[in-house]
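Take a look at the model, and then read on.

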Amino acid sequence: MKQPFIIRQKERRDCLDCASITTRTWRSTYTGIVSDEFLNHLAENEQARATHALETFDHHEKITFVSECEGKVVGLATLKECHRKNLSGIGEIQALYVLPEYQGQKMGTALWNASISYFQDCGYPKMVVGCLEKNPNRVFYQKKNGKEIGTAKFELTGEPLRENLYLYDISLSSVENILTSLQRSSFRRKFHLRAKEKQYVKQKGIDVIYHHACDFIRERLACAEPIHDGKQTPMKGHPVFLAQHATATCCRGCLEKWHHIPKHRALTEEEIQYIVRVIMRWIQKERVI
Ligand SMILES: [Zn+2]
């Protein structure tokens, strides 16, 4: 029976549930595929994994979405930046698990969609997923319009396994098109991230920069009549400020001229999300130059 569920970001209180979901889905999916020794080990270190997750909760290196059904966390998707060879600087879904008794209810797809949306917010143009070669659920990844780009070694407690890598294009044409148009302006073209700002992005991590961008837009641009409109965005001091000048999202005048978002009314949530996506996409492009 299909039960209603919600997708939300993982909170501290979910750490133990998430550790348990990992144990249970591995057991149900991989019995006979990976060694019993490893599966037993997962059960034994469940508490330790939950403690580690709690201790590193604020590190922003990974983002997890959970699915919640009747007040219980029953699925998860863990996202991080990919550091695989030749695939760096894109998003990676590191894990996507749904408890066996909740599978077949489109919960995996809902977690998948939330993951894509998050990566798009952060300006990642592509996303990769590694799926164990013998994973009986691999058809899920094959059906999502990905490109199989090869295999990678995957080692579990000395057990050599292989995983298939699937690459997905998640770029948004609306964002790419406006960035191309902006390149025609000699004023906008002048702005770049310098070594200092690139270092700042690296040190803070993309998730933190994304939250800064959301805060700046809400505080300085979102209301109908922002204070000092036209002068509210400094020319330096934060990578997001530079990105705003480069992308003409610095003031309501520029937003109106370039992005056709009218002045003298509050920005909608969709407009804020669009603006942040443009800013983050520009930062992602700059930081790899
Ligand atoms: Zn402006």
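## Overall form and helix packing

A compact globule of 289 residues would have a radius of gyration near 19 Å, and the chain, at 21 Å, agrees with that; the radius is taken over C-alpha atoms, and the globule rule is 2.2 Å times the number of residues to the power 0.38. This is a predicted model, in which local features need pLDDT of at least 70 and side-chain atom pairs count only at pLDDT 80 or more, while totals for chains, interfaces and linings use all residues. Residues are numbered from 1 along each chain as its sequence is written.

Along the principal axes, the C-alpha atoms fill a box of roughly 65 × 40 × 35 Å. The chain has twelve helices and seven strands, which are DSSP runs (helices H or I, at least four residues; strands E, at least two) numbered from the N terminus.

Domain 1 covers 6–169 and domain 2 covers 173–287, with bounds from an automatic or database domain assignment. Their centres, taken over C-alpha atoms, are separated by 31 Å. Nine residues of domain 1 are in contact with twelve of domain 2 (C-beta atoms, placed from the backbone, within 7 Å).

Now for two helix pairs, with axes fitted to C-alpha atoms over the stretch in contact and angles running from 0 to 180 degrees between N-to-C directions.

| Pair | Residues | Angle | Axes apart |
|---|---|---|---|
| α1 and α2 | 15–30 and 36–44 | about 165 degrees | 9 Å |
| α10 and α12 | 239–246 and 269–287 | about 105 degrees | 9 Å |

Helices α1 and α2 are therefore roughly antiparallel (over 145 degrees). Their contact joins Thr22, Thr23, Trp26, Arg27 and Tyr30 of α1 to Leu39, Leu42 and Ala43 of α2. By class, this contact has five nonpolar, two polar and one charged residues; Ala, Val, Leu, Ile, Met, Phe, Trp, Tyr, Cys and Pro count as nonpolar, Asp, Glu, Lys and Arg as charged, and the others, Gly among them, as polar.

Helices α10 and α12 are therefore roughly perpendicular (65 to 115 degrees). Here Pro239, Val240, Ala243, Gln244 and Ala246 of α10 meet Ile279, Trp282 and Ile283 of α12. That contact has seven nonpolar, one polar and no charged residues.

Note on methods: Contact = placed C-beta atoms within 7 Å. Parallel < 35°, antiparallel > 145°, perpendicular 65-115°, else oblique.
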